[in-house]
Amino acid sequence: MEGYIQIRNIFKQFYGVYALKDISFDVAKGSVHAIMGENGAGKSTLMKILGGVYQADGGNITIDGKERRINNVSDSAACGISVIYQEFNLIPELTVAENIYISDIPRKTFLGFVEKKKRYADAKEILDFLEIDVDPDAYVKHLSVSEKQMVEVAKSLSQNADIIIMDEPTAALNEEEVKKLEEVVLMLRQKGKTILYISHRLTEVFDMADTVTVLRNGEYVDTKPVSELNEAAIIKLMVGHEIDNTAVIQSSATERVLLEVSELSLKSVFENISFKLYEGEILGIAGLMGCGREEVLAAIYGLFQYDSGHVLLDGREVRFKSPKDAIDHGICFLTDDRKDGGILAQMSVEENMTLISIRKLKKKLGFYIKPKSEAKQLKQMTDFMSIKYADPKQKISYLSGGNQQKVLLGRELLLDNKVFIMLEPTRGIDVGAKEEIYGLLSRLAKEGIGIIAVFSDMNELIKVCDRAVIFCDGRVTGILKREEFNKERILTFASGREA
Amino acid sequence: MKKVKKILAAAIMMIFVFQMAACGSSGESAENEAAQTPEADSTEADSAKTDSGSESSGSSKGIIAYSCYNMSWEYYVTLAKGIKDAAEAAGYEYVEHDQQSDQSIMIQGCTDLLNQDIACLILTPAKPEAVATIYETAEAKGIPVVLTDISTEAQGYLACLKSDNYEGGVLAGNYVIDALAESDGSHKAAMITVDPSNTNISRSNGFKATVEEAGWEVVSELSGQSEPDVAYSCMQDIITAHPDVEVVFCSNDPMAISASQAVSDAGLVPGEDVYILGYDAQTNVFEPIKNKTVLGTVAQDPYGMGSGAVDIFMKNLNGEAISYDEEDTKIIYTDQWIIDAANAAEYE
Amino acid sequence: MKKINIGKHAVVLILIIFWIVMYAMSSSFRLGDNLKSILREASMTGIAALGMTFIIIMGDFDLSIGSMVALLGIVMAGFMNSAGLIPSLVIVCAIGVVCGFINGVIIAYFNVPAFITTLGTYYSFRAMAYILNDANTIICTNPVFLKIGSGSIGVIPVPFIIFIVLGVIGCIVLNRTVYGRNVRALGNSEKACKISGINTKKVKMLAFMLMGLCTAVSTMVITARQACASTDVATNFHFDAITVVVLGGTKLTGGEGSIFNTIIAAILYATISNCLNLYHVDAKWQRICMGLILLMAFSFGFIQQLIVKMRENSQKKITQNA
Amino acid sequence: MKRLIMKHSDNLSLGAVIIILFAVFSVMQPNMMTAFNIKNILVQVSLTAIAAAGMTFAYTAGVFDMSIGSILALVSVVLAKVATTSGVFPAVVAAFVIAVIAGVVNGLIVTKLKIQAFAATLVTMILIRGIAVLMANGADIPLYSMESIKFLSSGTIAGIPFPIILTVFVYVCSYIIYYKTAFGMKLRSVGSNAEASKISGIKTDRMIIAAFTMTAVTAVLSSLIKTAQVMFGKATIGEDFALDVMTTVILGGTLVTGGKGNLTGTLTASILIAVIKNGLNINNVNSYYQQLVIGMILIFALIVNGIKAMKNERQIRREGEF
């Protein structure tokens with residue numbers, strides 16, 4: 001069939017690694033078209049190409065019979081596309097109304113004066129229509145995450161585009177807000193708009209979507225009408241094989257409490273967080289975006305201070321003034337933001353590996369670090385995790401995501417640690433590497449290290465973790481044992497409804 | 001890559017060392033010659049033309065170089081012209097270097113000039129205290145140095161042509177006293193100076209001493225940093241603090257002119273309520289003097305200084321004796337005089 | 001990979017080529033004394049540039065060093081005439097570190113952008129120098145001290161020896177000590193450093209104190225060379241030092257840089273200004289030349305990026321055709 | 001009412017400081033209080049205040065301009081040259097043309113060559129000054145017989161000096177542009193979050209170029225007044241201009257990190273600084289002390305600014321972006 005939007009042979013690569021390989025499919029006019037795929041499948045990249053943020057290296061896009069070159073944001077807007085991106089694109093220093101109308105401001109023709117009143121009114125209208133209770137003159141920097149998300153939606157509506165792309169709009173929303181959004185989407189479809197919809201939540205897809213396109217590791221898998229699919233089928237397409245919700249990792253958890261957190265609170269971020277971590281256990285942390293899970297872990301690690309509560313390590317109370325403090329106590333931390341918070345892009349693999357452990361190295365004359373001793377450490381980790389690189393002096397940015405992640409893990413493992421906090425240890429790396437990381441986790445667990453891992457991908461959580469602590473709006477809403485795991489329950493906890 | 005680095009580094013160092021070792025000897029020979037009589041200098045000068053290939057055209061006898069305080073000041077441009085004309089008349093090639101009022105540039109520039117075996121270095125030091133190394137190098141190479149406009153405590157120069165700035169101040173002071181002798185004004189004076197420059201300090205000291213002797217009072221002394229815009233606001237503030245100020249002595253003409261502007265902007269009449277004196281007699285001060293917005297200025301003879309410096313060099317070259325005004329400091333004073341509405345026309 | 005490396009050491013090639021050309025063309029350039037004076041000039045900015053390399057690798061700047069030279073010079077000369085040589089040298093280093101400390105604290109602990117902070121101290125330090133000595137110049141007579149500026153051991157000028165020694169030390173500190181590693185890490189990603197338990201504030205502050213120390217040393221050389229300490233010295237010092245560092249291929253955005261290249265760049269910079277003098281280029285044009293050189297140096301990283309991009313694109317083409 | 005006070009706390013506190021200082025100076029030197037002097041102060045205010053308005057826009061866009069001092073000089077030279085040859089009006093036109101060119105060049109270097117504002121304008125600072133010196137060629141170009149220019153500095157409309165009227169006019173315009181127009185809003189958004197602005201379809205590069213141009217243009221206005229005051233074209237004026245202006249803007253409470261400017265604050269701050277300078281001058285205080293005071297004020301302002309920024313940071317972190 002001749003699609004309203006025709007995507008043909010789209011290629012895109014970063015640093016020589018393919019993010020998209022030969023993607024081609026059609027989208028019918030006035031349909032809700034879901035794009036599915038695991039993290040790093042290339043959904044967001046594709047959407048960014050449609051939005052004009054990235055430029056495709058190859059292939060072409062035809063909209064309504066005309067071939068379109070989308071080189072920048074305004075091109076894409078000219079094609080009647082508006083995008084709600086995964087990460088927010090709001091200006092903290094501007095008001096809600098200003099943000100909504102940032103790209104096309106209602107103005108008097110004369111000297112480009114802004115019609116404040118009109119802008120306010122229009123903004124109010126849209127917000128009311130979305131039943132969002134936000135003052136258009138409020139500054140965005142003061143909004144909550146979910147409010148911001150809805151403002152993003154309002155923003156894209158205001159541009160009344162024909163094609164609306166939503167990249168995980170519900171990630172940060174609770175159940176009611178999601179329902180609200182679904183209504184909006186359906187309403188938009190009735191208006192004849194075409195919606196490209198990305199989400200991990202299968203339920204939504206089945207509620208709204210007409211067609212589903214599945215990507216896997218940057219490659220096109222299949223496009224089917226929803227009617228022909230069921231959850232299992234989609235997951236199969238996404239993962240490439242049946243997911244067995246039974247663990248791939250033998251639990252090696254013991255009875256000995258390693259880390260105990262009780263009544264941890266930080267005003268307006270999280271409150272009364274309490275959970276235990278056992279020796280050799282892999283504790284999963286679930287929860288929607290902005291639920292405060294990273295903050296809790298960061299606070300434990302000493303990245304910033306919590307207001308009240310206790311952290312007990314081996315039964316002794318500890319409070320880390322700084323990450324160094326935590327590291328000295330055998331706690332280490334893997335960030336989810338590898339590009340900015342993890343790797344040192346312009347430094348060598350070796351230097352990245354030894355960033356922390358270098359302190360502990362024996363030094364000549366008290367300061368001179370022998371190159372040998374560094375090389376030894378790198379070697380040790382390379383063997384332990386089979387990291388692939390051309391040469392220890394090679395810049396880390398030339399490594400694949402998986403190998404970069406291994407280096408970061410190695411950086412921590414070079415220290416003798418009891419507790420390992422990981423945020424999204426498998427974000428943005430290919431399936432093969434993921435499996436390796438899982439294996440690594442179990443090995444560490446067997447050595448008696450307690451692991452706290454944040455996964456936003458439910459399947460991974462279920463696969464890897466012995467227990468799961470589920471957060472919502474800065475509170476712990478549930479703690480599940482592995483045998484109690486199932487997606488729906490976790491999701492219900494995560495969206496704040498006590499089961 | 002590391003290896004390449006090391007090799008490159010080694011290579012460069014080697015070349016340098018070799019070079020300097022090779023030329024160390026020539027330096028010594030220069031010193032020997034320096035120990036000898038003026039004739040030795042002349043031979044040095046002659047040899048200069050053969051040595052410095054690319055710099056000097058074959059025809060000229062050598063290079064006379066002038067290192068100048070700051071070429072953005074008209075006064076020194078005139079001085080440089082004096083040197084240039086005299087030098088070329090004497091059949092020498094003329095090159096100049098601008099210190100841009102920066103002592104580091106002065107030292108570097110002069111060293112570079114001296115390294116070219118020039119015949120003579122004429123110098124107006126931006127920082128008289130910092131010339132020691134220059135004199136050393138010059139002596140080592142047997143190149144005579146002539147100072148213009150600014151003298152140094154350190155010895156090592158052939159002669160110093162300058163105007164007696166203290167005297168200049170006195171000159172201005174006396175002129176004011178005479179001019180305003182019968183005026184019933186407040187007899188309050190102010191000064192817009194330039195620091196940190198000895199020249200200007202001695203000017204203002206000269207003025208101050210004279211007028212105070214005559215029973216005047218110097219009520220304010222602000223630094224115009226030799227910039228007209230700064231002088232302008234200084235003047236404004238002087239008027240504010242001392243509305244009855246009668247005379248303002250500025251250490252150079254641009255400041256004087258802008259000061260007169262400030263006076264008229266303040267609703268007073270320069271030349272009636274407030275009398276302003278300048279220094280240097282720059283071309284653009286004559287107009288204000290003629291229409292009496294500036295009372296007068298102390299004229300110096302930069303052109304004379306320049307040509308004089310070259311003469312001194314020639315004299316020395318020909319072994320003639322040089323007559324100094326101050327034997328011990330080898331200073332030769334060039335004349336100064338007051339220019340006012342009366343005689344402005346003839347000097348313009 | 002190869003191309004980038006050439007880019008990394010472009011300054012070395014440029015120096016050699018430039019140097020050979022000048023050597024062939026100008027008879028005065030060849031003179032040993034001229035080469036000596038080049039090395040002297042190179043050392044003066046170079047020593048400060050060593051410290052500046054650390055700062056710029058962190059992605060910061062220090063504009064206050066010129067004024068620091070003025071202040072330190074006055075203090076040193078003052079003490080030398082009373083307290084004697086060695087104590088005065090010690091004192092000047094101490095005060096240099098203190099000046100750096102002041103910068104460092106404001107920048108690191110009140111996270112204020114470095115260039116504005118140092119712009120503030122740029123004026124304060126010089127003003128202090130004025131006030132301390134009421135704008136008078138202090139003449140230095142101590143013969144031993146003067147040797148630091150104008151003496152040579154064998155054929156190599158003393159300042160250059162100091163420069164090289166410090167350079168080697170700097171090289172070791174930057175590449176083979178925990179501190180140096182942290183500095184470079186900080187230039188790459190402050191967040192990563194925080195997470196890795198590095199006390200970023202302290203690292204920053206120390207770097208500025210190091211800068212102060214280097215400035216103190218170059219103050220010694222400069223003052224000795226000029227045989228006097230005055231308040232209006234080294235007005236464009238910061239400008240020269242930054243130019244040298246950037247000429248040496250240190251990225252303005254930080255993260256990458258090499259002391260070795262800084263040393264070469266210092267010599268190159270001195271050579272250029274020397275040649276401008278040898279050919280009697282008008283000061284007004286010299287000023288503009290220097291500006292353009294700096295502009296070129298600044299855009300160097302950008303040009304490199306272009307090359308890399310172009311190569312990536314061509315690769316993509318190939319892979320797609322395949 | 002209370003909210004209003006909280007909202008303008010910075011400006012009010014600045015105002016308070018002004019009044020106190022003014023009182024102190026008046027006690028020390030009665031002539032401070034005269035109408036004549038107050039007029040003086042306001043005229044002196046206009047010089048920095050006008051350029052500071054432009055600079056506030058630059059800071060808002062997340063950049064700033066160190067070259068305005070040089071622009072000031074270049075304009076004064078060109079103004080004098082053209083005025084003496086072909087009349088006042090063409091001269092003024094030429095001045096503005098130069099401003100626009102300078103601004104655009106600055107902008108292009110920053111946006112296209114990807115050199116950060118500080119470094120880029122450091123270069124243009126040198127270059128433009130060089131050009132000015134080159135044009136003046138060692139002479140001060142006098143402007144008398146051009147009484148019509150004099151109007152710019154000392155002419156009065158209804159008894160109010162023209163500079164003061166101009167200042168008011170500039171600030172009214174700036175205020176409208178800043179808060180009422182789409183341009184102002186986009187400018188703020190670019191400074192606050194460039195990436196997001198780009199994605200929202202704002203041409204960030206254009207915004208930055210525009211910001212530089214506005215700064216340059218306001219600098220020209222200041223230059224016109226300055227030149228008219230001294231009736232000189234001089235290539236060496238305005239060495240400290242950039243610092244004064246930046247000090248003013250930062251002291252006024254504009255965030256150096258961009259996104260948030262405070263025009264009222266800028267105006268108040270420029271009055272404060274003028275009062276200090278005038279007060280010190282009137283009490284015959286040496287100019288070095290003035291420099292010291294200004295430098296100290298800047299540093300103080302920075303520290304306050306830094307503390308504010310840290311508060312801001314904490315706010316953001318509470319929203320999860322630690």
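This is a predicted model: local features need pLDDT of at least 70, side-chain atom pairs count only at pLDDT 80 or more; totals for chains, interfaces and linings use all residues.
Before anything else, a word on contact: two residues are in contact if their C-beta atoms, placed from the backbone, lie within 7 Å. With that in hand, take B:Val248, which, leaving aside its neighbours within four places in sequence, is in contact with B:Ala190, B:Ile192, B:Met235, B:Ile238, B:Ala259, B:Val274 and B:Ile276.

Residues are numbered from 1 along each chain as its sequence is written, and chains are lettered from A and ligands numbered from 1 in the order in which they are written.

Back to B:Val248, which, together with B:Ile64 and B:Leu121, touches the most other members of the largest nonpolar core, a core of 491 residues. Here a nonpolar core is a set of buried Ala, Val, Leu, Ile, Met, Phe, Trp, Tyr and Cys residues joined through C-beta atoms within 7 Å, and a residue is buried if 20 or more other C-beta atoms lie within 10 Å of its own, exposed if 12 or fewer, and partly exposed in between, with the C-beta atoms placed from the backbone.

Staying with chain B, its secondary structure comes to twelve helices and twelve strands, where helices (H or I, at least four residues) and strands (E, at least two) are DSSP runs, numbered from the N terminus. Of the 348 residues in chain B, 57% are buried, and among its contacts with a separation of 6 or more, 72% are between residues 24 or more positions apart.

One loop of chain B, between β2 (93–98) and α4 (103–114), holds B:Gln100, and B:Ser101 has its place in the loop between β2 and α4 as well. B:Gln100 has a positive phi near 50°, although it is a residue other than glycine, and B:Ser101, not a glycine either, has a positive phi of about 60°. Are these two buried or partly exposed? B:Gln100 is buried, with 23 other C-beta atoms within 10 Å, whereas B:Ser101, with 19 C-beta neighbours inside 10 Å, counts as partly exposed.

Let me turn to chain A, which has 17 helices and 22 strands. The radius of gyration of chain A, taken over C-alpha atoms, is 24 Å, close to the 23 Å that the globule rule (2.2 Å times the number of residues to the power 0.38) gives for 499 residues, so chain A is as compact as a globular protein of that length. Its C-alpha trace spans about 70 × 50 × 50 Å along the principal axes, and 50% of the 499 residues of chain A count as buried.

Chain A also touches chain C, in a contact that takes 27 residues from chain A and 21 residues from chain C. On the chain C side, the elements that give two or more residues are α9 (158–176), α10 (178–188), α11 (190–195) and α15 (283–321), and the largest share, five residues, comes from α10(C).

Within chain C, 14 of the 19 residues of helix α5 (residues 65–83) are buried, so this helix is largely enclosed by the rest of the structure, and α5(C) is followed by C:Gly84, whose phi is positive, near 100°.

Finally, chain D, where D:Thr215 lies in helix α11 (residues 204–230) and D:Val230 lies in helix α11 too. D:Thr215 is buried, with 33 other C-beta atoms within 10 Å, and D:Val230 is buried, with 28. What does D:Thr215 touch, not counting residues up to four places away in sequence? The partners are D:Gly54, D:Met55, D:Phe57, D:Ala58, D:Asp65, D:Ile68 and D:Gly103. D:Thr215 and D:Ala51 are 164 residues apart in sequence, yet 6.5 Å apart in space, C-alpha to C-alpha, while D:Val230 and D:Asp205 are 25 residues apart in sequence and 38 Å apart in space. For D:Val230, leaving aside its neighbours within four places in sequence, the contacts are with B:Pro228, B:Asp229, B:Tyr232, B:Ser258 and B:Gln261, which brings us back to chain B, where this talk began.
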